[in-house]
Amino acid sequence: MAVELLRLGMGVIMGCRDRARAEEAAGQLRRELRQAAECGPEPGVGETGELVVRELDLASLRWVRAFCQDMLQEEPRLDVLINNAGIFQCPYMKTEDGFEMHFGSKVTKALAIISTFQLRDLKKSI
């Protein structure tokens, strides 16, 4: 999905726990984009969007708050949030905030990010 968003000229921010693995994945995305560009332009596709890697651990509200603060300062808006927390069938464990890991990383943190941006936009409209 990230490749398609980038091909449409949208900016993509990858928030990932492991920066080295994220940079590796971002490199692969950039290679795919270059290969597609070498094949010639597609109708409706212009310049590719910017791809940025940032550290983010969705199992921690502390990390999510820090990520949101940086985003609020650097990004004028958030149009789409795609949450792929990347955990599946892990043994029962809790986040540092006391939530069950699946629920804590896939639901509560996504809601925290969304509500942070909605609150900012709501304040701007008043």
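This is a predicted model: local features need pLDDT of at least 70, side-chain atom pairs count only at pLDDT 80 or more; totals for chains, interfaces and linings use all residues.

Analyst: In it, the side chain of Arg120 reaches the backbone oxygen of Pro76 at 2.8 Å.

User: Which other backbone oxygen lies 2.9 Å from a polar atom of that Arg120 side chain?

Analyst: That of Glu75.

User: Is Arg120 buried or exposed?

Analyst: Arg120 has a relative accessible area of 13%. The cut-off for buried is under 20%, so Arg120 counts as buried.

User: And what does Arg120 touch, leaving out residues up to four places away in sequence?

Analyst: Met71, Leu72, Glu75, Pro76, Arg77 and Leu78.

User: Where does Arg120 lie?

Analyst: In helix α4, which spans residues 101–125.

User: OK, on to the helices. How do the axes of α3 and α4 cross?

Analyst: They cross at roughly 30 degrees and come within 10 Å, α3 being residues 61–74. Angles under 35 degrees count as roughly parallel, and therefore α3 and α4 are roughly parallel to each other.

User: Is the crossing left-handed or right-handed?

Analyst: The crossing of α3 and α4 is right-handed.

User: Which residues make the contact?

Analyst: From α3, Leu61, Val64, Cys68, Met71 and Leu72. From α4, Lys109, Ala112, Ile113, Thr116, Phe117 and Arg120.

User: What does that contact look like by class?

Analyst: Eight nonpolar residues, one polar and two charged.

Methods: Residues are numbered from 1 along each chain as its sequence is written. Side-chain values use heavy atoms; hydrogens and water are left out. Axes are lines fitted to C-alpha atoms, for helices over the stretch in contact, and angles run from 0 to 180 degrees between N-to-C directions. Helices (H or I, at least four residues) and strands (E, at least two) are DSSP runs, numbered from the N terminus. Angles under 35 degrees count as roughly parallel, over 145 as roughly antiparallel, 65 to 115 as roughly perpendicular and the rest as oblique. A crossing is left-handed if the near helix is turned anticlockwise from the far one by less than a right angle, and right-handed if clockwise. Contact means heavy atoms within 4.5 Å. Ala, Val, Leu, Ile, Met, Phe, Trp, Tyr, Cys and Pro count as nonpolar, Asp, Glu, Lys and Arg as charged, and the others, Gly among them, as polar. Buried means under 20% relative accessible area, exposed over 50%, partly exposed in between (1.4 Å probe, protein chains only). A polar contact is a pair of N or O atoms within 3.5 Å; within protein, one must be able to donate a hydrogen and the other to accept it, and residues adjacent in sequence count only if both atoms are side-chain atoms.
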